[in-house]
Amino acid sequence: MSKSEEEKSEKKSQTQTETENEAQAEETQAEAEAGSEERHERRGARALVEGLKDEGVETMFGITGGAVMPVYDELYDDDDIEHIMMGHEQGAAHAAEAYHSVSGQPGVCLATSGPGATNLITGIADASIDSRSVVAITGQVPTDLIGNDAFQETDTRGITMPITKHNYLVESSDEVPDTVQEAFHISSTGRPGPVVIDLPKDVSKGNTQAQKRDVEVEGYNPTYKGHPEQIKKAAEAIQDAEKPVIFAGGGVIMAEASDEIRELAMENDIPVTTSLQGLGAFPEDHPLSLGMLGMHGTGYANRAITESDLLIAIGTRFDDRATGKIESFAPRAEVIHVDIDPAEISKNIHADIPIVGDAKEVTRNLNDYIEAEFSSPDTADWLEKIDDWKAKYPMEYEDDEDSLKPQYVIEEIDRMTPDDTVVTTGVGQHQMWAAQWYTYKEPRTWVSSGGLGAMGVGLPMAIGAKYGAPDQEVVCIDGDGSFLMTVQELSTAVREELDITVAILNNYYLGMVRQWQELFNDERYAESEMEKLPQFDKIAEAFGAHGERVESEDEVEDALEAAFEYDGPSVIDFIIDPMENVFPMVPAGSGNDEFIMGKGSPGSRIS
């Protein structure tokens, strides 16, 4: 072979080798991709669980059933997500709400189709009106049966449409990863709210190789930064005010803006009142605190709002329980309204200086403006006047040696628990007493149903709160009527060995209804009296919890001490004065300046 022929042969051999290497590389790559696809080939239910884990979900609350069995089957071997089997789906939704309230992380609940899904509705509606991030996952009948009135079928998407921030009916297993990611994004950003993922059984069981992509939700773009010119106008208005009041709502807590609110108030000597959901946004033992305003707010908070010349409302939707008669709410005040939801601006109360944005970011910028370019208002005379109102309209109750007062019980709970204790309540008189007589000093320590007013939320919320804040004391202050509505969740608390205390203020009445019947219906107590209630301490023992029954003041401290020391759920049945009412009170349809301090005795109403 000539030299030339040898070179040609070598070159040919080299080319052949390169070709073979390339082919081998392509084959390897194909095999790798095939293997990768094989690894990601999973059921829709598995994709759902993977999505939850990607979103950081560690705890979820629910009840199994036919349409969600594939999801529970995937959870069976998963060690990263703790599923809490609740006694009722309503309890699962309320537990998820409370989980978000105390931790700031989205709460997750899971239920089957039909009645399972509809039992979540109260909790979803509650989360919607109180702005809580909840992702509710519901099973659904197979897609080919939807619309056929199949067993346990309901139109979950249609039912939840008015009470959710967004909802999904997932029609293909390939949609699962993106749907989960979008649901958490929408639920937890902007104004928090509930999102429903309705998952047909065949979608859960079907295979998919789909992976999540970057979140992009068309038309959804919350505004976080307030307009600089509006913030500057607000700073100028604060500088010029003589009688300013800060009104902090639940949005302050959801936005983690408590530090900024405290700086705004304390650096400028501005008194602060809160809504029911704003409890804890400002320390109630501070001299600038006015406590809660509204129907059962303090007399001095309602008086200050009425007389104010500047209302700085942050993270509040001006609920009618807070405003009373609109026409007489802050009638002489210029109103600054900060809210991340533009739909809330000027919805109930006209805003002179509207600022759409995140409460934390806007208030921080407002503080910066005041410090850099403006001066603080002179509020010395205003604070002196408020001190006079605090003396004239004190929070007080009439002690009685012959009966146990609910206010005294709550004062004792307050005295015996740390500042970061989480208090949950049901709805009724006990809720208002808990709001009035416990001293809230830290955000995310109050969990209750504000806007919806859903009785029965106290116990399941205590369970959710304990998972959201496992190192904090959790106390549920409940009423006899509220407690009975979700009493089955005691079995959950016992099974999970949760260290929570339930203090029932038991007056053998649906107390708030009885109070209105006494004051406004000539004492016609139609269906509000509950003569034959079970002994709740015995109920607790039957479930396996610690139970006590208390009927006098001298038993309160020992009973609470025993409950707090017990390592598990405790229930104390406090038998209180059945005729005790919640005061102050603004009668329905009245202005906040028409509050009643006592049982409507002459001179107790101001105008």
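Axes are lines fitted to C-alpha atoms, for helices over the stretch in contact, and angles run from 0 to 180 degrees between N-to-C directions. Helices (H or I, at least four residues) and strands (E, at least two) are DSSP runs, numbered from the N terminus. The views show a predicted model, in which local features need pLDDT of at least 70 and side-chain atom pairs count only at pLDDT 80 or more, while totals for chains, interfaces and linings use all residues. Residues are numbered from 1 along each chain as its sequence is written, and side-chain values use heavy atoms, with hydrogens and water left out.

**View A. Helix α2 packs against helix α3.**
Helix α2 covers residues 44-54 and helix α3 covers residues 69-76; their axes are 8 Å apart and meet at an angle of about 55°. That angle makes α2 oblique to α3. Angles under 35 degrees count as roughly parallel, over 145 as roughly antiparallel, 65 to 115 as roughly perpendicular and the rest as oblique. The crossing of α2 and α3 is right-handed. A crossing is right-handed if the near helix is turned clockwise from the far one by less than a right angle, and left-handed if anticlockwise. In α2, Ala45, Arg46, Leu48 and Val49 are in contact with Pro70, Val71, Glu74 and Leu75 of α3 (contact means heavy atoms within 4.5 Å). Six residues of this contact are nonpolar, none is polar and two are charged. Here Ala, Val, Leu, Ile, Met, Phe, Trp, Tyr, Cys and Pro count as nonpolar, Asp, Glu, Lys and Arg as charged, and the others, Gly among them, as polar.

**View B. Helix α4 packs against helix α19.**
Residues 89-103 form α4 and residues 458-468 form α19; the angle is about 40° and the axes are 7 Å apart. The two helices are therefore oblique to each other, and their crossing is right-handed. On the α4 side the contact includes Gly91, His94 and Tyr99, and on the α19 side it includes Pro460, Met461 and Gly464. By class, this contact has eight nonpolar, five polar and one charged residues.

**View C. Helix α17 packs against helix α24.**
The axes of α17 (residues 406-416) and α24 (residues 553-565) are 10 Å apart, at an angle of about 40°. That makes α17 oblique to α24, and α17 passes α24 in a right-handed crossing. Among the residues in contact are Tyr408, Glu412 and Arg415 in α17, and Glu553, Leu560 and Phe564 in α24. Seven residues of the contact are nonpolar, none is polar and five are charged.

**View D. The second largest pocket holds about 380 Å³ of space.**
On a 1 Å grid over the protein atoms alone, a pocket is an open set of points where a 1.4 Å probe fits, with protein on both sides within 12 Å along at least five of seven lines; lining residues have an atom within 4 Å of a point. Grid points are joined across faces, edges and corners, and a volume is the space filled by probe spheres set on the points. Of the 20 lining residues, Glu396, Tyr397, Glu398, Phe583 and Met597 are the closest to the centre of the pocket. Helix α18 (residues 429-437) gives the most to the lining, with three residues. The lining divides into nine nonpolar, four polar and seven charged residues.

**View E. A cis peptide bond joins Phe583 to Pro584.**
Omega of this bond is near 0°. Pro584 is in the segment after β20 (570-575).
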